[in-house]
Amino acid sequence: QVQLVESGGGLVQAGGSLRLSCVASGRTFIIYQMGWFRQAPGKEREFVAGIRWSFGSTYYADSVKGRFTISRDNAKKWVYLQMNSLKPEDTAVYYCAAADNDGGYGIRGYDYWGQGTQVTVSS
């Protein structure tokens, strides 16, 4: 069994920062990539950021480029999302995800999901 657990969400004022963390545990597996997605009420889940484990290459949604940074600790199977200059439109439940194969960077490319952590940005 693979488990992903997110932490670090909360309430922050516009312009502030948060750092999300996610750890993978349980059944051992080879990580191909890990990423972050978010889902606002009434909206579809959308890609935020991803990182390929082997070389650390990163990918970002246009809406967060220059503000968010994804990083990982490959030995510990941790992934982080540093979020700066937060905007009210960033408000959503943020989900950590992992993939053990190359299924693409979008939502369908991930195999394992965390339960999510709420991020609320006040105006």
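# Close-up views of a predicted model

**View A. Arg38 is buried, with a relative accessibility of 5%.** Here buried means under 20% relative accessible area, exposed means over 50%, and partly exposed lies in between, as computed with a 1.4 Å probe on protein chains only. The model is predicted, so local features need pLDDT of at least 70 and side-chain atom pairs count only at pLDDT 80 or more, whereas totals for chains, interfaces and linings use all residues. Residues are numbered from 1 along each chain as its sequence is written, and side-chain values use heavy atoms, with hydrogens and water left out. Arg38 belongs to a network of salt bridges that also links Glu46, Arg67 and Asp90. A salt bridge is a side-chain nitrogen of Lys or Arg within 4 Å of a carboxyl oxygen of Asp or Glu. The structure holds four salt bridges. In the one between Glu46 and Arg38, the closest N and O atoms are 2.7 Å apart. Glu46 is partly exposed, its relative accessible area being 35%.

**View B. Asp90 forms salt bridges with Arg38 and with Arg67.** The closest N and O atoms are 2.9 Å apart in the pair of Asp90 and Arg38. Asp90 lies in the loop between β8 and β9 and Arg38 in strand β4, so this pair ties together parts that are 52 residues apart in sequence. Strands (E, at least two residues) and helices (H or I, at least four) are DSSP runs, numbered from the N terminus. For Arg67 and Asp90, the closest N and O atoms are 2.8 Å apart. This second pair links distant parts of the chain, 23 residues apart: Arg67 is in the loop between β6 (58-60) and β7, and Asp90 is in the loop between β8 and β9. Asp90 counts as buried, at 0% relative accessibility, and Arg67 is buried as well. Not counting residues up to four places away in sequence, Asp90 touches Arg38, Arg67, Phe68, Ser85, Val119 and Val121; contact means heavy atoms within 4.5 Å.

**View C. Ser85 has a positive phi of about 50 degrees although it is not a glycine.** Ser85 is placed in the loop between β8 (78-83) and β9. Its relative accessibility is 41%, so Ser85 counts as partly exposed.

**View D. Strand β4 (residues 33-39) has six of its seven residues buried.** With strand β5 (residues 46-52), β4 pairs in the antiparallel sense over six bridges; two strands pair if DSSP finds at least two bridges between them. Trp36 has Ala49 of β5 as its bridge partner. Six residues lie between β4 and β5 in their hairpin, and in the turn Gly42 has a positive phi of about 75 degrees. Strand β9 (residues 92-99) also runs antiparallel to β4, joined to it by seven bridges. Opposite Gly35 stands Ala97 in β9. Phe37, another residue of strand β4, is buried with a relative accessible area of 0%. Between Phe37 and Ala14 the C-alpha to C-alpha distance is 20 Å, and the two are 23 residues apart in sequence.

**View E. The largest nonpolar core contains 36 residues.** Such a core is a set of buried Ala, Val, Leu, Ile, Met, Phe, Trp, Tyr and Cys residues joined through side-chain atoms within 4.5 Å. Met34, Trp36, Val79, Leu81, Met83 and Tyr94 touch the most other members. Two or more residues come from each of β1 (2-7), β3 (18-26), β4, β5, β7 (68-73), β8, β9 and β11 (117-122). The largest share, six residues, is that of β9. Leaving out residues up to four places away in sequence, Tyr94 touches a set of residues including Leu20, Trp36, Phe37, Val48, Phe68, Leu81, Met83 and Val119.

**View F. Arg52 is buried yet has no salt bridge.** Arg52 is placed in strand β5. The nearest side chain of opposite charge, Asp102, is 4.5 Å away; Lys and Arg count as positive and Asp and Glu as negative, while His and the chain ends are not counted. The side chains of Arg52 and Gln33 are joined by a polar contact of 2.8 Å. A polar contact is a pair of N or O atoms within 3.5 Å; within protein, one must be able to donate a hydrogen and the other to accept it, and residues adjacent in sequence count only if both atoms are side-chain atoms. Apart from neighbours within four places in sequence, Arg52 is in contact with Tyr32, Gln33, Ser57, Tyr59, Arg72 and Asp102.
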